[in-house]
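Here is a short report for a first look at this structure. Read it alongside the sequence and the 3D view.

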Amino acid sequence: MIRAEAVTVSLGGRAVVREVDLRVESGELLALVGPNGAGKSTLLSALSGERVPDAGRVLVEGRPVDAIDPLELARIRSVLTQDNAVSFPFRVAEVVEMGRSPWARTPGRDRDEQAIRSALERADVVHLADRRFTELSGGERARVSLARVLAQDTPIVLLDEPTAALDLRHQEDVLRIARELVGEGRTVVVVLHDLSLAGAYADRVALLDDGALRALGTPVEVLTEPLVSAVYRLPVEVLVRDSRPLVIPRRHP
């Protein structure tokens, strides 16, 4: 579904993503992890087609992403950014409905009501439907923004730090939803800071370090004590439970 070929992105004259090659298939959840400034969000932006690489290319469904009409692209992939701002005091139901705009004047419009209702339920924001978006807490805004992405109903879903403002329960809910989407045959790429969440839910993990792809593989292959300790410059312990790694910083009294 998505392929990056030698993708390089520069900002302010500095390469923040450097010659990244990766492929994400249908029915796969890929987690992008790495320290602050590693290039995770920039790479996700390139994969979405919102940022044009300075070198290399991104293919979506076998086509260069920058050659796909923007409206068609919006029907293929949806993107949750870190910025959950909405300029006007729309009601939550209206914000979620915005996710259906790419389907206007298409047969997909017939699914609007069902898609909106399902998105509200999945993101656990039905009870907020009549509230103003500007009146919500940060965590509530994050869940409403996720519901808007879900309502867009695309085969590719890109999520940038979707758990950042959420409590423990809703962090788990977001990754459970991501796994449900994968189970439906969709492609999901998610930027995560919580390595244990990535280890618990991802099919594969891409570890970025200083803009370069340091490792790509299953969670137990990538989230090892030597590699994580080296990349994050922090000693960690990795416990493996049911073939899933749990990453714990080594704390000294």
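Contact here means heavy atoms within 4.5 Å. The model is a predicted one.

**The sheet and its helix**

Helix H1 (residues 40–48) lies across strand E1 (2–11), E2 and E4. H1 runs at about 125° to E1. The strands belong to an open sheet of four, in the order E2-E1-E4-E5. Their pairing is antiparallel. Strands of a sheet pair through backbone hydrogen bonds, either parallel or antiparallel.

Which strands stand at the edges? They are E2 (14–24) and E5 (63–64). Each has a single partner strand, so one side of each is left without a neighbour in the sheet. E5 pairs with strand E4 (residues 55–60) over two bridges, in the antiparallel sense. Pro64 in E5 is the bridge partner of Leu59.

Gly49 sits in the loop between H1 and E4. Is Gly49 buried, partly exposed or exposed? Its relative accessible area is 30%, so Gly49 is partly exposed. Gly49 and Val33 are 16 residues apart along the chain. Their C-alpha atoms are separated by 20 Å.

**A helix pair**

Helix H4 (residues 112–122) packs against helix H5 (residues 138–152). The angle is about 145°, and the axes are 8 Å apart. H4 passes H5 in a right-handed crossing. The table lists the residues that meet.

| Helix | Residue range | Residues in the contact |
|---|---|---|
| H4 | residues 112–122 | Ala115, Ala119, Leu120 and Arg122 |
| H5 | residues 138–152 | Ala147, Leu150 and Ala151 |

By type, the residues of this contact are six nonpolar, no polar and one charged.

The largest nonpolar core has 50 residues. Which of them touch the most other members? They are Ala31, Val33, Val96, Val144, Leu159, Val188 and Leu192. H5 gives this core its largest share, seven residues.

Leu159 has contacts with residues beyond its neighbours within four places in sequence. These partners are Leu44, Leu80, Leu146, Val149, Val188, Val189, Val190 and Val191.

There is also a second, separate core, made of 29 residues. Val20, Leu43, Val60 and Leu73 are among them.

Key
Residues numbered from 1 in each chain as written. Predicted model: local features only at pLDDT ≥ 70, side-chain atom pairs only at ≥ 80, totals over all residues. Heavy atoms only, no water. Axes fitted to C-alpha atoms, helices over the stretch in contact; angles between N-to-C directions. Left-handed = near helix turned anticlockwise from the far one by under 90°. Nonpolar A, V, L, I, M, F, W, Y, C, P; charged D, E, K, R; others polar. Pairing = 2+ DSSP bridges. Core = buried A, V, L, I, M, F, W, Y, C linked by side-chain atoms within 4.5 Å. Buried < 20%, exposed > 50% of the residue type's maximum accessible area, 1.4 Å probe, protein only.
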